[in-house]
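Please read the following briefing alongside the sequence and the structure.

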Amino acid sequence: MGFGLNMGRVLIQNLSREFIERRSARRVANANPDLSQGDRLLVLNSINLEFQDGELVCILGPSGCGKTTIARIIAGFDFPSSGKVLTDGKEVRGPSSDNIFVFQHSGLLPWMTVRENVCLGLRNLTDRTQILKRAQEFIDVVDLTGFENHYPHQLSGGMQRRAELARALVINPEILFMDEPFAGLDFLTRLKMREEVVNMHELLRKTIIFITHDIDEALSMADRVVVLSDRPAIVKMDVKIDFPHPRDFHSDPNLEDLRKGVYMELGVHYAL
Ligand SMILES: Nc1ncnc2c1ncn2[C@@H]1O[C@H](COP(=O)(O)OP(=O)(O)OP(=O)(O)O)[C@@H](O)[C@H]1O
Ligand SMILES: [Mg+2]
């Protein structure tokens, strides 16, 4: 048990991951140069990173570079081919539902209300009053007060994401993984959700590992932005974003420069 202040600290040391492709992959070997040398696909190439406890880290990178893979390894759902990952100073050996919870857009259970969905995470508690009190606390944090008895289909897309967020938070994870959680939401809802995550993070100070394709989303939210290269992924950029919220790119030249730098790293030369 870690009682220190570093429970959400993540240390990634020389992490590499390669996947062994099965025989059927040979057929596409000519079309896919990654496989032409054989059946191995190197995805992560000696990654070194360190995230502090309570940091909101955004991971950016081109599609297929290994963002989900790296998150899955930190969460213990996949494993390194070489190198290692430590959370709270201990090597990750498998998933830990006690202090790590992976939040994806996996959906709420449609036959349960918001309250029942959020209470799902508290199955290990027995005191009904306690369970309801705690669920309510997080329903309030994500601003769904008044919608406790609604079913998922009665909520908007953004509200559904917030209910999922409450369900993850109620477990009190040390590290929260969010893998493109706003995919499919409209632009205005995304803006609102960014703000909600930043507010929630300021309130709870959990380590959040947030994966996105959206550069502005990363820069408007993160304490740290990590940019991965094309596969096999190396760390192209790892910067602390020490700007207060809310962030306005256009009125802060330093932030605007940083933004241009990230666009350049990702191969985009005209950031609008
Ligand atoms: N279990 C697996 N077996 C074989 N190959 C895999 C496996 N998981 C991932 N890969 C491969 O690893 C590469 C990286 O996948 P990953 O899902 O981590 O990318 P990503 O950066 O999250 O992409 P996206 O932005 O599209 O979500 C892909 O080429 C994928 O095909
Ligand atoms: Mg992914």
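Val10 has Phe51, in S2, as its bridge partner. Eight bridges join strand S1 (residues 10-20) to S2, and the two strands run antiparallel. Strands here are DSSP runs of E with at least two residues, helices are runs of H or I with at least four residues, and both are numbered from the N terminus; two strands pair if DSSP finds at least two bridges between them.

This is a predicted model, in which local features need pLDDT of at least 70 and side-chain atom pairs count only at pLDDT 80 or more, while totals for chains, interfaces and linings use all residues. Residues are numbered from 1 along each chain as its sequence is written, and chains are lettered from A and ligands numbered from 1 in the order in which they are written.

**The sheet of S1 and S2**

- S1 and S2 belong to an open sheet of four strands, with the order S2-S1-S4-S5 and antiparallel pairing.
- S2 and strand S5 (90-91) stand at the edges with a single partner strand each, so one side of each has no neighbour in the sheet.
- The loop between S1 and S2 contains Arg22.
- Arg22 counts as exposed because it has 8 C-beta neighbours inside 10 Å.
- Arg22 and Arg40 are 18 residues apart along the chain, and their C-alpha atoms are separated by 9.1 Å.

- S9 and S10 form a hairpin, with six residues between them.
- Strand S9 (residues 224-228) is mostly covered, as four of its five residues are buried.

**Ligand 1 and helix H1**

- The residues surrounding ligand 1 include Phe19, Leu41, Val43, Lys67, Thr68, Thr69 and Arg231. Strand S2 (40-51) and helix H1 (67-75) are the elements that give two or more residues to this shell.
- H1 provides the largest share of the shell, three residues.
- The shell divides into four nonpolar, six polar and two charged residues. Ala, Val, Leu, Ile, Met, Phe, Trp, Tyr, Cys and Pro count as nonpolar, Asp, Glu, Lys and Arg as charged, and the others, Gly among them, as polar.
- The buried residues of H1 are Lys67, Ile70, Ala71, Ile73, Ile74 and Ala75.
- After H1 comes Gly76, whose phi is positive, near 90°.

**The nonpolar core**

- The largest nonpolar core has 59 residues, of which Val57 and Ala166 touch the most other members. Such a core is a set of buried Ala, Val, Leu, Ile, Met, Phe, Trp, Tyr and Cys residues joined through C-beta atoms within 7 Å.
- Apart from its neighbours within four places in sequence, Ala166 is in contact (C-beta atoms, placed from the backbone, within 7 Å) with Val118, Phe138, Ile139, Val141, Val142 and Leu144.

**The protein as a whole**

- The secondary structure comes to seven helices and 10 strands.
- Of the 272 residues of the protein, 34% count as buried.

Methods. A residue is near a molecule or strand if its C-beta atom, placed from the backbone, lies within 6 Å of it. A residue is buried if 20 or more other C-beta atoms lie within 10 Å of its own, exposed if 12 or fewer, and partly exposed in between; C-beta atoms are placed from the backbone. Two residues are in contact if their C-beta atoms, placed from the backbone, lie within 7 Å.
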